[in-house]
Amino acid sequence: MIEEILEKIRSSSKYKDINEKTILEIINIELPKYKNEKILVKAVKNKLHQIYGAFLNRRDIEGAQKLLLMLKSGEGNIKETANKILQLHHSTRERLDVYEDIYREIFKVTEKPNSILDLACGLNPFSIPFMNIQGAILYYAYDIDSKLIEVINEFLDILGYPRLAKRKDILFEDIEDQADICFILKFLPIAERIRRGLSLKLISRLNSKFIIVSFPLKSISGKEKGMLKNYSRIFEPVFKERYKILEKLILGNEMFYILLKRR
Ligand SMILES: C[S@@+](CC[C@H](N)C(=O)[O-])C[C@H]1O[C@@H](n2cnc3c(N)ncnc32)[C@H](O)[C@@H]1O
């Protein structure tokens, strides 16, 4: 039955490039809640929309691919192209005015890194030109969409970086790469939506010295709903179990924590 449900979901063009493991885990979480298969398929698709579809779609990823092709054929420069790609999605578009400030403030505390691990990265790797880093670093980027990962690897290649983007579920698969800094941007509320407690599990498995976690201060619909207070109350005790909170910053519509691993 699980295989059949998996096939049904993967036959939808919206979810065909998503990591199979992610879909299987969500089916297993939702399975005990529903007796009717049709309703179960709907519930799984609904969860996939909440964790993925609301943030990424085929059109944006193909848009990024086209912009990279234009760059390769000599149109525009890397930073302009990255800027256009970051504009494709609300989640990165809203950071465009503050991207350079974000990285300057983070690197003031952590120093400029030689390696970065960007978990559930979405389009964020296209902000590398805003980091003001000289020379190539190791940029590991994980997300669950294989098409997105292909496009990120093409971009890393253009930058002269190794192709280290991988299709990976960061909640249910091993994270074997390590880096000076790990980004978990606007993701922990999504992890909690899949199953409560997954955030703590995730941050406990990481080996980076610094972790940068962020939260949106407005929902996708633009409402504020007391998110600053809520996220601080829910997540700060979770962070304190494994990390020291070095800094808490508000930049644009986002709150960032700079966390240092306790040894
Ligand atoms: C709100 S977006 C954040 C993207 C990026 N971190 C940023 O802030 O610009 C959430 C991202 O998490 C990815 N995602 C959802 N569940 C995931 C999982 N279990 N493992 C890896 N990535 C996941 C989605 O595909 C989407 O790109």
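Modeller: K186 is buried, since its relative accessible area is 14%, and buried here means under 20%. The model is a predicted one. K186 belongs to the loop that runs between β4 (181-185) and α9 (188-194). Its phi is positive, at about 50°, although K186 is not a glycine. Most residues other than glycine have a negative phi. N132 also has a positive phi, of about 55°, and is not a glycine. N132 lies in the loop between β1 (115-119) and β2 (138-143). With a relative accessible area of 43%, N132 is partly exposed.

Two or more residues of the shell around the ligand come from each of the elements α3 (37-53) and α6 (90-93). In total, 21 residues surround the ligand, and the closest are R95, A120, D143, I170 and L185.

The side chain of R95 places an N or O atom 2.6 Å from an oxygen atom of the ligand. In D169, a side-chain N or O atom is 3.1 Å from a nitrogen atom of the ligand. I170 contributes through its backbone, where an N or O atom lies 3.0 Å from a ligand nitrogen atom. Of the 590 Å² of accessible area that the ligand has on its own, the protein covers 98%.

Note on methods: Residues numbered from 1 in each chain as written. Predicted model: local features only at pLDDT ≥ 70, side-chain atom pairs only at ≥ 80, totals over all residues. Heavy atoms only, no water. Near = heavy atom within 4 Å. Polar contact = N/O pair within 3.5 Å; in protein donor to acceptor, adjacent residues only side chain to side chain. Areas by Shrake-Rupley, 256 points an atom, 1.4 Å probe, with all protein chains shown as cover. Helix = DSSP H or I, 4+ residues; strand = E, 2+ residues; numbered from the N terminus. Buried < 20%, exposed > 50% of the residue type's maximum accessible area, 1.4 Å probe, protein only.
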